[in-house]
Amino acid sequence: MSQPRYGIWSPVGGNFGPLNTPDEPIDASYERTRSLVLEAERLGYVTTLVAQHLANPRSLELDQLETWTACAALAEATESIEIIAAIKPLLFHPAILAKMALGIDAISHGRFAINLISAWFRPEMERTNIPFPPHDERYRYSDEWLQVVRALWSGEKVNFEGEYFKIQDLSLRPFAVAQPYPRIYLGGASDPAQILAAQQADVYFINGQPIEDVRKVIKQVLSRPRFLPQPVRFGLSAFVIARPTDEEAQAELERLMALQKLEEQYKLSVAKGVDKEAVMFQLFAKNPAVGGNGGTAAGLVGSYDTVAARVTAFVDAGIDTFMLQFNPFVQEMTRFAQEVMPRVRHLQKVV
């Protein structure tokens with residue numbers, strides 16, 4: 001059983017779970033993200049995901065940190081942690097994005113990766129008049145977009161002509177530091193997302209949900225045709241609540257649920273902007289939770305021993321990377337590193 005990789009969601013839209021509490025005032029600044037990522041690196045977290053939105057989905061009045069400039073700065077500020085920038089292909093031509101990614105790859109000395117999201121938040125497209133094709137077409141677009149990006153990352157001269165893009169005699173320098181190219185993560189819960197992940201992604205991100213459902217998703221993705229020589233790996237998003245006892249963790253879950261309910265207007269704002277074809281929001285409705293992208297639905301709520309056992313079970317099911325959310329972030333991120341990570345290592349030695 002391999003050791004899991006632990007990462008954190010960078011708080012580019014403020015906080016996870018309740019947005020604004022006495023313990024965790026809202027703060028979507030680069031200074032806060034930089035501080036958190038540096039502390040995560042010190043604590044032993046090996047990756048961080050920087051989500052992408054033009055505007056905060058919860059409210060236009062809220063700050064939203066820009067992804068790619070932040071990732072370039074984080075690449076310079078850090079030493080070892082992997083930096084994953086989310087990318088919506090509709091916002092960037094693949095040749096421009098490929099060049100930007102190679103720049104951050106060079107700054108980070110090979111620690112940069114992308115997380116492809118085919119977009120679900122309609123208002124940021126509609127308000128900028130950027131075309132927003134139907135759900136399945138967005139994945140066809142993303143498929144071709146990803147082919148172009150990977151070809152340009154190869155360092156060879158690229159000639160490509162497809163439905164959406166035409167590239168003529170273009171090669172990019174310098175070559176990628178990460179070999180054979182920066183790692184590609186992919187998120188999405190629909191069949192087209194699974195198919196694209198199976199074909200072209202290095203890691204498929206699964207939103208937080210019960211382990212029985214995660215096992216089914218992994219089985220489904222592994223049954224799809226694969227275009228790359230190396231097998232696809234799997235990541236899981238989760239919001240963690242770990243305490244000395246299960247009862248204390250449950251009490252904290254209920255407290256955060258109550259605080260989150262007081263901010264129902266933000267949830268309604270997101271709901272109004274969701275593409276109704278986006279499958280992941282159907283899953284969120286099925287599994288109410290604290291946090292984003294499934295949050296506590298993954299079940300990482302309980303005593304230190306309980307959470308460690310559940311992490312170990314997910315690893316056994318095929319999860320390689322855990323992308324985690326906390327609130328208050330620094331306090332709970334530290335608690336997880338000090339109390340849960342060692343217990344997982346111990347359980348794996350026992351097994």
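Rings of Phe, Tyr and Trp count as a pair if their centres lie within 6.5 Å, and a pair with planes over 60 degrees apart is edge-to-face. In this predicted model, a search of the whole structure finds 16 aromatic pairs.

Start with Tyr 45 and Phe 326. Their ring centres are 6.4 Å apart and their planes stand at 80 degrees, so this pair is edge-to-face. Tyr 45 sits in the loop between α1 (30-43) and β2 (47-50), and Phe 326 in the loop between β12 and α12 (329-350), so the pair ties together parts 281 residues apart in sequence. Tyr 45 counts as buried, at 2% relative accessibility. Phe 326, at 1%, is also buried.

Next, select Phe 314 and Phe 322. Here the ring centres are again 6.4 Å apart, with the planes at 70 degrees, so the pair is edge-to-face. Both Phe 314 and Phe 322 are buried.

Now widen the selection to Tyr 6, Trp 9, Phe 16, Phe 329 and Phe 336. Ring pairs link these residues into a cluster that also includes Tyr 45, Phe 314, Phe 322 and Phe 326.

Show helix α11 (residues 304-317) next. Helix α11 lies across β1 (5-9), β9 and β12 (319-325), and runs at about 140 degrees to β12.

Then display the strands. Eight of them close into a barrel with parallel pairing, in the order β1-β2-β3-β4-β7-β8-β9-β12. From one strand to the next, the twist averages 25 degrees.

Finish at β8 (residues 203-206) and β9 (residues 233-239), which pair in the parallel sense over four bridges.

Note on methods: Residues are numbered from 1 along each chain as its sequence is written. This is a predicted model: local features need pLDDT of at least 70, side-chain atom pairs count only at pLDDT 80 or more; totals for chains, interfaces and linings use all residues. Side-chain values use heavy atoms; hydrogens and water are left out. Two strands pair if DSSP finds at least two bridges between them. Helices (H or I, at least four residues) and strands (E, at least two) are DSSP runs, numbered from the N terminus. Axes are lines fitted to C-alpha atoms, for helices over the stretch in contact, and angles run from 0 to 180 degrees between N-to-C directions. Contact means heavy atoms within 4.5 Å. Rings of Phe, Tyr and Trp (its six-membered ring) pair if their centres lie within 6.5 Å; planes under 30 degrees apart count as stacked, over 60 as edge-to-face and the rest as tilted. Buried means under 20% relative accessible area, exposed over 50%, partly exposed in between (1.4 Å probe, protein chains only).
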